[in-house]
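Please read them with the model open.

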Amino acid sequence: MIAGSQRSLFDLPQGVTYLNCAYMAPSLRAVTAAGIDGVRRKGAPWTVQPADFFTDAERLRVLVGRLLGADADGVALVPAVSYGIGVAARNARLGPGDSIVVIEDQFPSNVYPWRDAAARTGATIVTAARPDDLDWTGAVVAAIDDTTAVVALPQCHWTDGSAIDLVAVGEAARRAGARLVVDASQSLGASRLDMAAVQPDYLVAVAYKWLLGPYGLAYLWVAPQHRSGTPLEFGWLPRVGAEDFAGLVDYQDEFQPGARRFDVGERSNFATIPMAIAAMTQLLDWGVDAIAGYIGELNDRAEALAAEAGLEPVGRSHRLAHLMGFRYPGGRPPDLVDRLAAERVHVSVRGDSVRVAPHVYNSSEDIDRLFAVVAG
């Protein structure tokens, strides 16, 4: 349980109402401090030992595995979702007649790699349209057939938080012999994701949103049956014996175990890796269920206030607790963004949806400030 707002742990100035974690999280003070220490450490390279290229990366891998409830060996450290999806696309078995299922208005990082793969292989993209009743699960399952080779989805829609039951979708994908590729950037760290039940083939999430980490880092988890696949690049860090810098000219074809072969080159960033460790440590200390519960109460209040104002919120039965979008029946007022900015209230507008994305640094007063402007 999280007892009240944790704002004091973040670099948030007074007077700012920030309800936009789905865009980018503000930094925990501990994360900022870790980044500064890392930059200073790089300024004194004579203090950096060969083992340092591995120790923190492995520590982070373990923490990510704990957060996922999955094995650390399955975690690869990558720079972006598009990189992780690129790994999945490179190793997909696609050809003419195969299809790749996505949803309407899906975030492009989980679309562009599949469009490229389809163009190269003769596969086709099948887009499940936004259902009027917001039953994304039913729409996706209906789009899966005997041609489906890949189902590439989020856990919730990035514009409004409307949810997809990945357990049901995963079962349908496996019946079709298809791979399930999940972009969990808008849910991991703020909503429960049962990896054992979902059974994704690949799952990737950025660090800088709900995982409270730095920009330029993402986490890719690869199922055991795909860990001998082909990486996007062929660096030296993931190779057997890479810890012996003097022996790097003794080239090795063998990779270190697990998903490490998919790590990005120069993965051992001396600023961002410590920042990510600090963020993951705090998230695990709070616990994902406690985070989801705290944020869920704030968004339940936001949903109620939106309905009272005559707006159209995505109801709790159709969304994940931590992310809530609402729409104006007659269209969004053209001056809404300017009015919010003038009051130092920050949310995102995505499509025709106003997206409310609080975190543990928020309070009910923040929600009230938002709707004082929205309903004004």
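1. Two strands count as paired if DSSP finds at least two bridges between them. Helices (H or I, at least four residues) and strands (E, at least two) are DSSP runs, numbered from the N terminus. The model is predicted: local features need pLDDT of at least 70, side-chain atom pairs count only at pLDDT 80 or more, and totals for chains, interfaces and linings use all residues. Residues are numbered from 1 along each chain as its sequence is written, and side-chain values use heavy atoms, with hydrogens and water left out.

2. Serine 99 stands opposite threonine 124 in strand 4. Strand 3 (residues 99-103) pairs with strand 4 in the parallel sense, over 5 bridges.

3. These strands belong to an open sheet of 7 strands with mixed pairing and the order 2-8-7-6-5-3-4. Strand 2 (75-78) and strand 4 (124-128) are at the edges with a single partner strand each, so one side of each has no neighbour in the sheet. On average, neighbouring strands of this sheet are turned by 20° against each other, direction ignored.

4. Axes are lines fitted to C-alpha atoms, for helices over the stretch in contact, and angles run from 0 to 180 degrees between N-to-C directions; contact means heavy atoms within 4.5 Å. Helix 5 (residues 136-143) lies across strand 3, strand 4 and strand 5 (148-154), and runs at about 150° to strand 4. Helix 6 (residues 166-175) also packs on the sheet, where it touches strand 5 and strand 6 (179-183); its direction makes about 170° with that of strand 5.

5. Grid points are joined across faces, edges and corners, and a volume is the space filled by probe spheres set on the points.

6. Helix 2 (52-68) and helix 8 (272-286) are the elements that give two or more residues to the cavity lining. Helix 2 supplies the largest share, 4 residues. Among the lining residues are Arg41, Asp52, Asp56, Phe270 and Pro274.

7. The largest pocket has a volume of about 280 Å³. Of its 22 lining residues, Val81, Phe107, Ser109, Ser185 and Val206 lie nearest its centre.

Conventions. On a 1 Å grid over the protein atoms alone, a cavity is a set of points where a 1.4 Å probe fits but cannot get out, and a pocket is an open set with protein on both sides within 12 Å along at least five of seven lines; lining residues have an atom within 4 Å of a point.
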